[in-house]
Amino acid sequence: MPLPTQSSMTPVPNSGFSAFRRSAQPSIGRGGAPASQPAPTAQRGPAHLPPAHTALICVALPGLAISTKEGQLTGHGLEGFYRSGRRMLSRCRLRVAGREPLAVQARMIAADQARFVATLSLSADGGPDPDVMVERTRYADGTERITLRSAAHRPLRLPVELALGTDLAELGAIAAGRAGPDLPASVHDSGMRWSCATGHSVVTADPPPMDALASAGLLRWEIELPPGGTRSVELRVGPAGAGPIRAVARGALSPLAPARAVGDDPRVPALLRTSIEDLEALLLRDPVQPTDTHLAAGAPWRCGMAPAESLAAARMTLPLGTRLAAGTLRTLARTQLVGAGPRSGLIPGPRRQAGALLPPSCTGQEATLLFPVVLAEARRWGLSEPETEELLPTAERCLHWLRTALGDGTYLADPHPGGPWRCETQAHAHRAALLGADLLDAYGRGGGAELRQRAGKMRTAFQEDFWIEDRGGGRPAAARLPGGRLVPHFGAGSVHLLDTGLLGAGTPASGLLDKVQTEQLARLLGGPAMDSGWGLRSLGAKEAAYNPFGHRSGAVRVHETALAVAGLAAAGYEKEAGSLLRGLLAAAEAFGHRLPDMYAGEQRAEGGAPVPHPTACRPSATSAAAGVLLLTSLAGIRPDAPARTVTLRPVRGAPLGEIGLTGLRVAGAAFSVRVSRLGLAMVEEAAEGLQLGA
């Protein structure tokens, strides 16, 4: 995540979770008015976000628990328990026998849980062996269990103290350095209570403390431990009067199938398992229609709806079923602008910083162009006809907006005066036109022929207007300015030229480039300037504006790397796809298989590790969904549920050896596939009547 200016930090609407987006202005709501106002600022200037790269972040939205590796909550930085963007508890410091235990281990044990281990030596002879192990298990739902285990040979009587406190600050205020002091506590039932004008927080303890001191926020116990014995204290943190968090993804309630992976590479099962756990942890319900779920963009900064990224993540998770895509589409359909005017049909979204070389882009444009694509592909994966027909009018309005925005021209410009024609925007528009036309034809709606004609016109012109010839074989321009000047830098935005979308009978839609240009693009993406060894840089290392930590100017962005792998593999450039895939898998292992949305684009070296970005989101919806896309793209699954067929185009080189995927969903039923070491795919489970396509 970049370090946005104060004016670029906007609360995320419709989520109850005020967090920061990578945006340059607030999102726009119905009627063109701002949907939310920018977070108040103390002064103009850059915002120095607290580092999050070393934090252990437990997520089960709307709950978060953010900790350092020490395990103590000290109130510094982002530390604390959060509910719907408000910090319910910022301090939770444990002392046993008058001392803080010595931290020896901290690790995530699930997306919503972290475990901290510390020790305490009490022997009078000062020997090296600890007498007591202290284990703290912290949960995103506001629960913490503290367990003392005795290794001593004599009974122990230990005074245990917890110093508690909170500021009840919003996450946005904390990130902006405006958290404020701790609030005064009052003794409440079996714990403490804090109140301010905007909220309340209560901590309860089981067993109840023997003593409570409100002025210090202190709870005290006298705990007796027999030799080898254990005793536990459990804390529950949350708003006054509120029950425990009910996570969206609980067993049958999850919109994602519990798929599993096996294979020669031991990292494969862990990546898919962790990706699904992170996706489920980031699920939110639409407050207007709670049965509809969508993904938050990522924690800790972006725990609300980001329309373009929610759609992109839902699209990548279609192999896990269509329920998430359907919920996301319905949620965004309710935000679409309607009525007269050039903005009619647009799905609102904030501006996104695009680096130093281009102005911020409009994610509303991207979401509007993604909507018909996700709907068309969800139908291919098995979205029911009634659900598709319900969403079709929204897709038609998106396509109407596209035709209006194009006008008599060939390309889609940024929506502000003098805005550039971005390369990736044309790729989005071209794909939306082709898949949208396919969708309209399937339901007997008009407009498909015009969309195909416009796509053909764009494709012919793009190959001339956006291609820069040079001695190296040429490259696509990043953008074209209204005066005709090309923005020549080469970055990961070009991967969208390979992400052409899926039509019927397992056929990929045509792209904007011809065969020779596609081959040159593959060569560039696989070259050392773009392939860092850990994934694809967002800007080539030879470019003047390259910065290995720049979120759009050199950092590795997981989403774009996964699109590159899938696009290169589908186009037949398996060498380049395999190199990027192996690099991203190595990075995933280094990050405990919980990939952040970005990390530094430093070149991989022997014995090295990917360098974290200090303000990246981890977990991230698009990165977790990318794990699903990476593994399923190896099997090349191309379903056509309306035609009751599925086509397999596996990566012939089998870059990870044999791989088996079970529990996927195609045509509303379980689907399992295995790819051999020879690159041959075999369906092992499928819906009744589903035929293997040619």
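Where is the place of Asp189? In this predicted model, Asp189 sits in the loop between strand 12 (185-188) and strand 13 (191-196). Its phi is near 50 degrees, a positive value in a residue other than glycine. With 71% relative accessibility, and exposed meaning over 50%, Asp189 therefore counts as exposed.

Colleagues, a positive phi also occurs at Ala505, where the value is near 60 degrees. Ala505 belongs to the loop between strand 28 (486-487) and helix 9 (515-525).

I turn now to the cis peptide bonds. From Asp206 to Pro207 the peptide bond is cis, and omega is near 5 degrees. Pro207 falls in the loop that runs between strand 14 (199-206) and strand 15 (211-213). Arg618 and Pro619 are likewise joined by a cis peptide bond, with omega about 10 degrees. The loop that holds Pro619 lies between strand 30 (598-599) and helix 12.

Helix 12 brings me to helix packing. Two packed helices are described by the angle between their axes and the distance between the axes. For helix 2 (residues 267-281) and helix 12 (residues 621-635), the axes come within 8 Å and cross at roughly 140 degrees. Angles over 145 degrees would count as roughly antiparallel, so helix 2 and helix 12 are oblique to each other. The crossing of helix 2 past helix 12 is left-handed. On the helix 2 side, the contact is made by Val268, Leu271, Leu272, Ser275, Asp278 and Leu279; helix 12 contributes Ala621, Ala624, Ala625, Gly627, Val628 and Leu631. By class, the residues of this contact comprise nine nonpolar, two polar and one charged.

How values were computed: Residues numbered from 1 in each chain as written. Predicted model: local features only at pLDDT ≥ 70, side-chain atom pairs only at ≥ 80, totals over all residues. Heavy atoms only, no water. Axes fitted to C-alpha atoms, helices over the stretch in contact; angles between N-to-C directions. Helix = DSSP H or I, 4+ residues; strand = E, 2+ residues; numbered from the N terminus. Parallel < 35°, antiparallel > 145°, perpendicular 65-115°, else oblique. Left-handed = near helix turned anticlockwise from the far one by under 90°. Contact = heavy atoms within 4.5 Å. Nonpolar A, V, L, I, M, F, W, Y, C, P; charged D, E, K, R; others polar. Buried < 20%, exposed > 50% of the residue type's maximum accessible area, 1.4 Å probe, protein only.
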